[in-house]
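Have the structure open as you read.

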Amino acid sequence: MMFDLTGKTALVTGAGGGIGGAVARVLHRQGAAVVLVDMKAEGIEALKAELKTRAYSLVCNVTDAAAVEALPKQAEEMAGSSVDILINNAGITRDNLLMRMKDEEWDLVLAVNLTAGFKLARAHLRGMLKKRWGRIVSISSVVGATGNPGQCNYSATKAGITAMSKSLGQEVASRGITVNCVAPGFVKTPMTDVLSDEVKKALLSRIPLGRLSTPDDIANAVLFLSSEEAGYITGQTIHVNGGMAMIS
Ligand code: NAD
């Protein structure tokens, strides 16, 4: 089987959400044990019950430094093996025009989308270095490359995680660890379902492939970057946006 993850342990943050849930399901289907992390228990408990085997849940707010520091040991105890694949997926928006943006809106988005990614990577690298194998995949966004009015905070974090991945990728490449990003465009979620037909039409006119992305479209790119087969790829971003922005 291609992209076989049997024997690997994957930790997915924000696994109670749309994209994180899809990523966890796909990695699990390929044989990985999955550690589902989210600040809210409901979604990850339901997903754990759905997956039945090789699935573990940990309620953790990724902005809590002590809780993040404790994650690798907790995950290893649950799954029986340290984390091989870290998926930095938890992310939030607090949109506002910059002139009106409150310090708290800036600070919280940076803490969740960027600083937590740094702390999670630092905490889990120890185990990966020992195994001389690891995968770190972060979910960025098309707006990290293009910008978007109302999202100065959010787009800065997504560009930031991309640059961090390039630097870290160079630091750990010799140890068999790759660090990459997947950048979604518009993903079909309950949030986009409620848009008016007019807004949807305008949105779709900008997407050459003529539809929004499903969470699985994103998860499939994450699976590839998490696999043995992607071992020669590091510091890169796969843009999964239906051609909305063609970035080289
Ligand atoms: P979502 O809101 O469905 O899921 C996010 C999950 O993260 C939620 O379950 C939430 O509880 C969790 N979370 C938030 N803050 C947390 C914290 N401090 N600690 C732990 N967990 C926390 O969102 P989604 O659409 O699945 O987004 C996932 C990722 O994809 C995010 O990084 C987002 O920026 C990115 N993304 C989404 C889209 C889109 O169109 N939905 C587009 C581009 C990028």
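The second largest pocket of this predicted model is lined by Pro72, Lys73, Glu76, Ser82, Val83, Ala123, His124, Arg126, Gly127 and Lys130. Helix 3 (65-79) and helix 4 each give two or more residues to that lining. Its volume is about 220 Å³.

**More on the second largest pocket**
- Helix 4 gives the most to this lining, with five residues.
- By class, the lining has three nonpolar, three polar and four charged residues.

**The largest pocket**
- The largest pocket has a volume of about 1600 Å³, and the ligand takes up its space.
- Its lining counts 49 residues, and Gly91, Ile92, Thr93, Tyr154 and Met191 lie nearest the centre.
- Among the elements that each supply at least two lining residues are strand 2 (33-38), helix 4 (103-131) and helix 7 (190-193).
- The lining residues divide into 23 nonpolar, 20 polar and six charged.

**Around the ligand**
- There are 24 residues around the ligand, and Ile19, Asp38, Asn61, Asn89 and Tyr154 come nearest.
- Helix 1 (18-29) and helix 6 (152-172) each supply at least two residues of this shell.
- The shell has 11 nonpolar, 11 polar and two charged residues.

- A ligand oxygen lies 2.8 Å from a polar backbone atom of asparagine 89.
- For lysine 158, an N or O atom of the side chain is 3.0 Å from an oxygen of the ligand.
- At valine 187, a polar backbone atom is 3.1 Å from a ligand oxygen.
- Taken alone, the ligand exposes 830 Å², and the protein buries 83% of that.

How values were computed. Residues are numbered from 1 along each chain as its sequence is written. This is a predicted model: local features need pLDDT of at least 70, side-chain atom pairs count only at pLDDT 80 or more; totals for chains, interfaces and linings use all residues. Side-chain values use heavy atoms; hydrogens and water are left out. A residue is near a molecule or strand if one of its heavy atoms lies within 4 Å of it. A polar contact is a pair of N or O atoms within 3.5 Å; within protein, one must be able to donate a hydrogen and the other to accept it, and residues adjacent in sequence count only if both atoms are side-chain atoms. Accessible areas come from the Shrake-Rupley method with a 1.4 Å probe; for residues, only the protein chains shown count as cover. On a 1 Å grid over the protein atoms alone, a cavity is a set of points where a 1.4 Å probe fits but cannot get out, and a pocket is an open set with protein on both sides within 12 Å along at least five of seven lines; lining residues have an atom within 4 Å of a point. A molecule sits in a cavity or pocket if more than half of its atoms lie within 2 Å of its grid points. Helices (H or I, at least four residues) and strands (E, at least two) are DSSP runs, numbered from the N terminus. Ala, Val, Leu, Ile, Met, Phe, Trp, Tyr, Cys and Pro count as nonpolar, Asp, Glu, Lys and Arg as charged, and the others, Gly among them, as polar. Grid points are joined across faces, edges and corners, and a volume is the space filled by probe spheres set on the points.
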